[in-house]
Amino acid sequence: MSARVETVEEAARVAQAHWRLDRHTALLLARPADGGLDDLEPLIEKAVTAATERGVSGQAVTPFVLAYLHEHTGGRTIAVNKRLIVDNAGLAAEVAAAFSALS
């Protein structure tokens, strides 16, 4: 199931309801990148096409695509992804604090 929440408090309430139902599954919470990657979809398609043309398949496709994106964006994808990791860690901390306040 997919859902969207707007606040950390709402995310905490969703988690609380999920676990109160005795669910033994994980919840995945992530935020989109703040700008910087909106123009990547056409480049991703080019990268996948290039992988196919070069015979890259299976588990090798992802590293190929990431390297292609890095090369063709001048390293912008790495900078944006690093920031996204930090932002998601901060989001997790905020939701954990909100969750603990519910108990």
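This is a predicted model: local features need pLDDT of at least 70, side-chain atom pairs count only at pLDDT 80 or more; totals for chains, interfaces and linings use all residues.
Local features were considered only at pLDDT of at least 70 and side-chain atom pairs only at pLDDT 80 or more, whereas totals for chains, interfaces and linings use all residues. Residues are numbered from 1 along each chain as its sequence is written, and side-chain values use heavy atoms, with hydrogens and water left out.

The protein chain contains 4 helices and 0 strands, in the order α-α-α-α along the sequence. Helices (H or I, at least four residues) and strands (E, at least two) are DSSP runs, numbered from the N terminus. The radius of gyration is 18 Å, well over the 13 Å that the globule rule gives for 103 residues, so the protein chain is more spread out than a compact globule. This radius is taken over C-alpha atoms, and the globule rule is 2.2 Å times the number of residues to the power 0.38. The C-alpha trace spans about 55 × 25 × 15 Å along its principal axes. Of the contacts (heavy atoms within 4.5 Å) with a separation of 6 or more, 66% join residues 24 or more positions apart.

Of the 103 residues, 24% are buried; buried means under 20% relative accessible area, exposed over 50%, and partly exposed in between (1.4 Å probe, protein chains only). Helix α4 (residues 76-102) comprises 27 residues and reaches 39 Å from its first C-alpha to its last, close to the 39 Å expected at 1.5 Å a residue. The expected span is 1.5 Å times one less than the number of residues. The buried residues of α4 are T77, V80, L84, D87, L91, V95 and A98, and they pack against α1 (8-20), α2 (40-53) and α3 (61-72).

A nonpolar core is a set of buried Ala, Val, Leu, Ile, Met, Phe, Trp, Tyr and Cys residues joined through side-chain atoms within 4.5 Å. The largest such core has 11 residues: L37, L40, L43, A47, A50, A51, F64, V65, Y68, L69 and V80. Helices α2 and α3 each supply at least two residues of this core, and α2 gives the most, with 5 residues. Beyond four places in sequence, A50 touches F64 and Y68. A second, separate core of 6 residues includes V8, A11, A12 and L91.

Q16 counts as buried because its relative accessibility is 14%. Not counting residues up to four places away in sequence, Q16 touches F99 and L102. H18 is likewise buried, with a relative accessible area of 13%. Leaving aside neighbours within four places in sequence, H18 is in contact with R23, T25, A26 and L27.
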